[in-house]
Structure formats: C-alpha cells, structure tokens
Amino acid sequence: MYDLQWDDDSAPAQLAAPFQFTAEAAEAEWLEQRTATVEKMPQGMEVEDALLQQLSPDELREFAAAHAACAELLGSGASGASQHGRCAVQACKLTTVPVAVEVRGRSALAWRLAEEGKSEEALAILKEAQALDPQNTALRDQAAKLNQQDSQSKSVTTLEALKSLKHDLNDSLEAKDLLGLKALLEELDALPLTWEAAAETKIGKEVGLCAKLSDAAVAELAQSIIARLHKLAKQERPLWVR
C-alpha cells in the first residue's frame, strides 16, 4: 500500500496570512483602475470635412453647439479642450448655425488657444467672432485681455532676445567682426522693439558704438536703429522719466 506519511521537510508550506483590507490598498486599487481608464480615453478628435458633411444641417448645428459647450466646460489645462473648440468652428463653416453658437465656439476656442500660448491664432479666431457680433461687450473684453497677454508675451520674448544680442554685440565689437556685427544688427532691427525692453537692457550703448565704426553698412544700420529707439522713447517712455 502507499505510504501516506512524509518527512517534515517536505511538508506543504504554511498557508499565507489572509488578505487584510486597508484604506491604502483600496486607494492603490482605485488609482490603478483610474489610470487604466484614462489611458484608454482618446487624445484627439480630428474629423474630416467629408465625414461631417454626411450630417444633416440640424445635426451639424447640434454638433457645433455640443463641442462649443465642451470647450467652455473643460477649461484651462484640460486635454482636448482646444480640439473641441476647433470641431465647433469646423462645423460652423459647413452649414448655417445660429450666431450665438458660432460666437460661443470661437470665443471658447480663443480662450483655449491663448492658454496654450497661441495668442496670434486666438486673436484671429476672436476677430471673426467679433465680426459676427460687433456689439458683444464680452467679446470686446476678451479681445482686450488677449491683446494684453499677447503684448506681454512678446515683450518677454523680445527682452530675452535683446539680452542675448547685447552679449553677442559686445563680443563682435571686441573681435572687430564687421560681418558679425552687421548680421546681429539686422537681427535686432527685425525685432518688435519696445522702449521698456530697450531701456532695461541698455542695448543702445552697443548700437551707438556700432554707429561710430568706419564700415558704412554697419554704421548706417546702427544709426537707423538708434533713430528707431529715439522714436520709441518719445512714444512709449513714461512722462516721469523724460
């Protein structure tokens, strides 16, 4: 007969302790499930015009209204918020929709684009909304705010560029690199200069030195920039520093 006895060292392993439910375990499980759900969500919703054109005018109007509302409700930082606005505007181009719906879609898209740092595109979208409803005060306020944000963004970009150019101009002046100076001055001349940025960087000093050089091309370009800086000073410099 079979021997049903076994040695102690071959005995089955002790059963593991029963699982104990804890708040930490529940939170970890919920987070894992939530992450898996988010990863399955679509990240974009580009729709071809040919596909949208298969919808009836009423369906397109509903499509535009729904996406305009989503662009508004999702708000700043939400994934796909600007794409909802684009879908709303896209539908408005394919059929006649109520002005209020198109204005709402364009306004929401402009906000979302501005939040993404695309101020120029946002202002262009908003301009079309204002053309549809010129008396809309909310659109005027939005345009004023976006214009201010755009100016501030450009001012920061220009300031950083001027700081870099000032350093490079100094290096080229010390090296007597006329070709390099001309290229740097051309780059400077192409910038959307402001009096505030020019005054903070004091780049006029380097430009003035370039204007005194014997090379006609460099000197003339520098003198042109100096004239531009003088004009900016008259237009933008605060009265208390004049």
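**Helix packing and cores**

Modeller: The crossing of α7 and α10 is left-handed, where left-handed means that the near helix is turned anticlockwise from the far one by less than a right angle, and clockwise would be right-handed. Helices here are DSSP runs of H or I with at least four residues, numbered from the N terminus. This is a predicted model, in which local features need pLDDT of at least 70, side-chain atom pairs count only at pLDDT 80 or more, and totals for chains, interfaces and linings use all residues. Residues are numbered from 1 along each chain as its sequence is written, and side-chain values use heavy atoms, without hydrogens and water.

Colleague: At what angle do the axes of α7 and α10 cross?

Modeller: They cross at roughly 30° and come within 9 Å; axes are lines fitted to C-alpha atoms, for helices over the stretch in contact, with angles from 0 to 180 degrees between N-to-C directions.

Colleague: Which residues make that contact?

Modeller: Lys166, Leu169, Asn170 and Leu173 of α7 meet Glu206, Leu209 and Cys210 of α10, contact being heavy atoms within 4.5 Å.

Colleague: Now Thr201: buried or exposed?

Modeller: Thr201 is buried, at 8% relative accessible area (buried is under 20%, exposed over 50%, partly exposed in between, with a 1.4 Å probe and protein chains only). Thr201 belongs to helix α9, and its contacts beyond four places in sequence are Leu159, Leu162, Lys163 and Lys166.

Colleague: Which residues touch the most other members of the largest nonpolar core?

Modeller: Leu185, Leu188 and Cys210 do, in a core of 23 residues. A nonpolar core is a set of buried Ala, Val, Leu, Ile, Met, Phe, Trp, Tyr and Cys residues joined through side-chain atoms within 4.5 Å. At least two core residues come from each of α7 (137-175), α8 (178-189), α9 (195-201), α10 (204-211) and α11 (216-236). With six residues, α11 gives the most.

Colleague: What does Leu185 touch?

Modeller: Not counting residues up to four places away in sequence, Leu185 touches Leu169, Val207, Cys210, Val218, Leu221, Ala222 and Ile225. There is also a second, separate core of 14 residues, including Ala110, Ile125, Ala129 and Ala143.

Colleague: Last topic: how do α5 and α6 cross?

Modeller: The axes of α5 (residues 99-115) and α6 (residues 119-132) come within 8 Å and cross at roughly 160°. The pair is therefore roughly antiparallel (angles over 145 degrees; under 35 is roughly parallel, 65 to 115 roughly perpendicular, the rest oblique). The crossing of α5 and α6 is left-handed.
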